[in-house]
Amino acid sequence: MKISFHGAARTVTGSKHLITLNNGEQILLDCGMFQGMGSETEELNDYFGFNPKKVNYMVLSHAHIDHSGLIPRLVSEGYTGPIYCTAPTMELTKILLTDSSKIITQDAEYTNKQNKKHGRPLIEPMYTEDDVIKAISLFKIVDLDTDFEISPRITLRLTDSGHIIGAAAIHLSILENAKVTKITFSGDIGRYNDLLLKSPKVFPQADYVLLESTYGDKLHSELEPVEEKLHEIIHQTCILRGGKVIIPAFSVGRTQEILYALNCLEEKGKLPDVAYYVDSPLSEKATEILKDHTDQLNKDVQQVMKHDDDVFKFKGLKFVHSTEESIALNDDPRPCVIISSSGMAEAGRVRHHIRNNIGNAKNTILMVGYAEPRSLAGQLKNGNKAVWIFREEHTVVADVQSIDSMSAHGDYNDLIHFLNCQKPEEVKQIFLVHGEYNIQQAFEARLHDKGFKNVCIPDLHTHVDL
Ligand SMILES: [Zn+2]
């Protein structure tokens, strides 16, 4: 058999890996969208590098768009097989893809307006809400920690990867030539001390491991308690300077983590008395889904839940629904905290909030997670003095802060911890995926030190025979 890498190869988005058996059967692991890669993004998303009609099965590690975002396109181009994932992943993917289809349709409408003006040919949106509905009908729920027979030769097992709710590492046992080959795909790996989620779980010995490597060169700072840092930044910005705190945050995961931390501050009587807005309809839906799966949350949260029936709700919190309400926040001079998506500030309402608040030194833009270096959040995090938003250049006058310890991705110690259940001498090869190339190279050396001798950093659209 062989495996080919059609995304998240020497980069962090577009996760897509295809296993092809000798008999031609194909299993696709994830079908993610490339994001935040500047002018290249569209081109990358235009070309799968394989024929969707020939793929027999798909397994989805988790709901994030960089892992699920091209599923509707896969289906519209002829994929008709099942899409296996956990129940929370299915629910979250449904809302994320629906939202994504709306953004794509709006973007296409905008482009077509320009195209018409300039006499250029019109474009079709990459996919529509109808494609999403068709795609969701193919989803099949698989429980964690149980062996599930995909076909007589292929068995699937999903284990908690601790990254976002529902996120799983994928383990395949494939029988070929009277021999079983075990392939593990980590998906995205969470942290071993996450605020909300359980730690990534141990998994059976694998022959081949596809391992994410987002933070392969980084140790998260442990000395930065999220609650205290949030308190300090909100106090400084809102109470002392009378400004606004704008937090670009992923709707799924990060937003709920911040809400939980703020809820904990309230419990301790330390929550600054200002208005808190979650300005993302998607975030509200995702929060509801999380509330339906509280069994997946860690022991600390379960403990708080014994005396607090809603750990994502506190005094002053309001979910913003309509665009009008969102726009009204601009004209409201009162200090407040606005949590809004998207996390990399590449799309969504948060771009408006950043644009409207970036020019005032009273305000703070607070980064709370990974951002592709070229994305707006990435540029701000890098300390750029000026950024482009909606085709206009803006000088960065507002304070830019970040809480780096808030990450849905493990650092290199977490990644190595994930592999602790594996005997290095029995792992034939590790493929590093989902990471920037220079970071992957640094991480490769660490893996060698741990006894994993055969490490490969595959390039886009290349394949390796197993
Ligand atoms: Zn993810």
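User: Which residues have the most contacts inside the largest nonpolar core?

Analyst: This is a predicted model, in which local features need pLDDT of at least 70 and side-chain atom pairs count only at pLDDT 80 or more, while totals for chains, interfaces and linings use all residues. Residues are numbered from 1 along each chain as its sequence is written, and side-chain values use heavy atoms, with hydrogens and water left out. A nonpolar core is a set of buried Ala, Val, Leu, Ile, Met, Phe, Trp, Tyr and Cys residues joined through side-chain atoms within 4.5 Å, where buried means under 20% relative accessible area, exposed over 50% and partly exposed in between, with a 1.4 Å probe and protein chains only. The largest such core has 72 residues, and those with the most contacts inside it are Ile71, Ile247 and Leu262.

User: Which helix gives the most to this core?

Analyst: Helices (H or I, at least four residues) and strands (E, at least two) are DSSP runs, numbered from the N terminus. With 7 residues, the element that gives the most to this core is helix H7, residues 254-267.

User: What does Leu262 contact, leaving aside its neighbours within four places in sequence?

Analyst: Contact means heavy atoms within 4.5 Å. Leu262, one of the residues with the most contacts inside the largest core, then has as its partners Leu230, Ile234, Leu271, Tyr276, Phe314 and Ile339.

User: How many residues does the other core have?

Analyst: This core lies apart from the largest one, and its members include Leu29, Val142, Ile183 and Leu210. Its residue count is 28.

User: Why is the chain described as compact as a globular protein of its length?

Analyst: The secondary structure of the chain comes to 14 helices and 22 strands. The radius of gyration is taken over C-alpha atoms, and the globule rule is 2.2 Å times the number of residues to the power 0.38. For 466 residues that rule gives 23 Å, and the chain is as compact as a globular protein of that length because its own radius of gyration is close to this, at 22 Å.

User: Is His353 buried or exposed?

Analyst: His353 has its place in helix H11, residues 350-357. Beyond neighbours within four places in sequence, His353 is in contact with Ile246, Asp279, Ser326, Leu329, Asn330, Ile338 and Ser340. Its relative accessibility is 1%, so His353 counts as buried.

User: Where is Ser342 found?

Analyst: Ser342 is joined to Ser341 by a cis peptide bond, with omega about 10 degrees. Its place is the loop between strand E15 (336-340) and H11.

User: Is Asp30 buried or exposed, and which is Ala178?

Analyst: Asp30, in the loop between strand E3 (26-29) and helix H1 (40-46), has a positive phi near 65 degrees. Ala178, in the loop between strand E9 (168-176) and strand E10 (179-185), also has a positive phi, of about 60 degrees, although it is not a glycine. With 0% relative accessibility Asp30 counts as buried, whereas Ala178, with a relative accessible area of 79%, is exposed.

User: What is the distance in space between Thr364 and Leu447, C-alpha to C-alpha?

Analyst: Thr364 is in strand E16, residues 364-367, and is buried, with a relative accessible area of 1%. Not counting residues up to four places away in sequence, Thr364 touches several residues, among them Ile233, Arg241 and Asp399. Thr364 and Leu447 are 83 residues apart in sequence, and in space the distance between them is 39 Å.
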